[in-house]
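I set out to record what I looked up in this structure, one topic per entry.

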Amino acid sequence: MGWKAAEKLIRHWKILRGDNVMIIRGKDKGESGLIKRVIRSQNRVIVEGKNLVKKHIKQGEGHTGGIFSIEAPLHVSNVQVLDPVTGKPCKIGYKYLEDGTKVRFARGMNASGAVIPRPEILKERRKPRPTSPGPKDTPIEHVLEKTYDAKSGIGMPDL
């Protein structure tokens, strides 16, 4: 038994993994923390060390059982990103700089309008790319083999 999928999914997410957010509703209202995980299928986020619930885990092979505190997901509407200048919660807007790069900025009534930097944690991959070829990967000698020559017409299919 878990969370149901959200009826209306958010299409354009403005909150990212690694953002510094403040919880604006719920039992941890007014506390801030970093977003640990974004669950887009449920419109929820997990904030580090916040919204702790007790989880009863049965003992099994390789692990002990007991009662553990884990972070439960919060709905995305219950958190707001902190303004990097004022440190207060704000809304997020997008704009293009003079050089053409798209950036997030703080907007709202008491917001400074400062650019909210992209979190550093997003630069590293959660699942590393495989270094060795798998059974379904094409060998490199077949990839580099020249099968078509435009000038001589070699390799052109007969239509």
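**Entry 1: the model.** I noted that this is a predicted model, in which local features need pLDDT of at least 70 and side-chain atom pairs count only at pLDDT 80 or more, while totals for chains, interfaces and linings use all residues. Residues are numbered from 1 along each chain as its sequence is written, and side-chain values use heavy atoms, with hydrogens and water left out.

**Entry 2: the sheet.** I looked up the strands, which are DSSP runs of at least two residues, marked E and numbered from the N terminus. Two strands count as paired if DSSP finds at least two bridges between them. Eight strands make an open sheet with antiparallel pairing, in the order E6-E3-E2-E1-E7-E8-E9-E10. E6 (74-75) and E10 each have a single partner strand, so they stand at the edges with one side left without a neighbour in the sheet.

I then followed the strands towards E10. E8 pairs with E9 (residues 102-107) in the antiparallel sense over six bridges, and Tyr94 has Arg104 of E9 as its bridge partner. The hairpin of E8 and E9 has five residues between the strands, and Gly100 there takes a positive phi near 95 degrees. E9 and E10 (residues 115-116) run antiparallel and are joined by two bridges. Across them, Phe105 stands opposite Val115, and Arg104 has Ile116 as its bridge partner.

**Entry 3: the pockets.** I searched a 1 Å grid over the protein atoms alone; a pocket is an open set of points where a 1.4 Å probe fits, with protein on both sides within 12 Å along at least five of seven lines, and lining residues have an atom within 4 Å of a point. Grid points are joined across faces, edges and corners, and a volume is the space filled by probe spheres set on the points.

The largest pocket has a volume of about 200 Å³. The elements that give two or more residues to its lining are E7 (79-82) and E8 (89-96). Its lining divides into seven nonpolar, two polar and three charged residues. For these classes, Ala, Val, Leu, Ile, Met, Phe, Trp, Tyr, Cys and Pro count as nonpolar, Asp, Glu, Lys and Arg as charged, and the others, Gly among them, as polar.

The second largest pocket has a volume of about 160 Å³. Its lining has four nonpolar, no polar and five charged residues; Arg37, Arg118 and Leu122 are among them.

**Entry 4: two residues.** Is Asn43 buried or exposed? Asn43 has a relative accessibility of 4% and therefore counts as buried (under 20% relative accessible area; exposed is over 50%, partly exposed in between, with a 1.4 Å probe and protein chains only). Asn43 lies in the loop between E2 (32-39) and E3 (44-47). Beyond four places in sequence, its contacts (heavy atoms within 4.5 Å) include Trp13, Leu74 and His75.

Ile57 lies in E4 (residues 52-57) and is partly exposed, at 35% relative accessible area. Ile57 and Ile67 are 10 residues apart in sequence and 6.2 Å apart, C-alpha to C-alpha.

**Entry 5: the annotation.** The unreviewed UniProt entry gives "domain: KOW" for residues 14-41; positions follow the numbering used here, feature names are shortened, and annotations may be inferred rather than shown by experiment. I found this span to be 0% helix (DSSP runs marked H or I, at least four residues) and 43% strand, with its end C-alpha atoms 15 Å apart.
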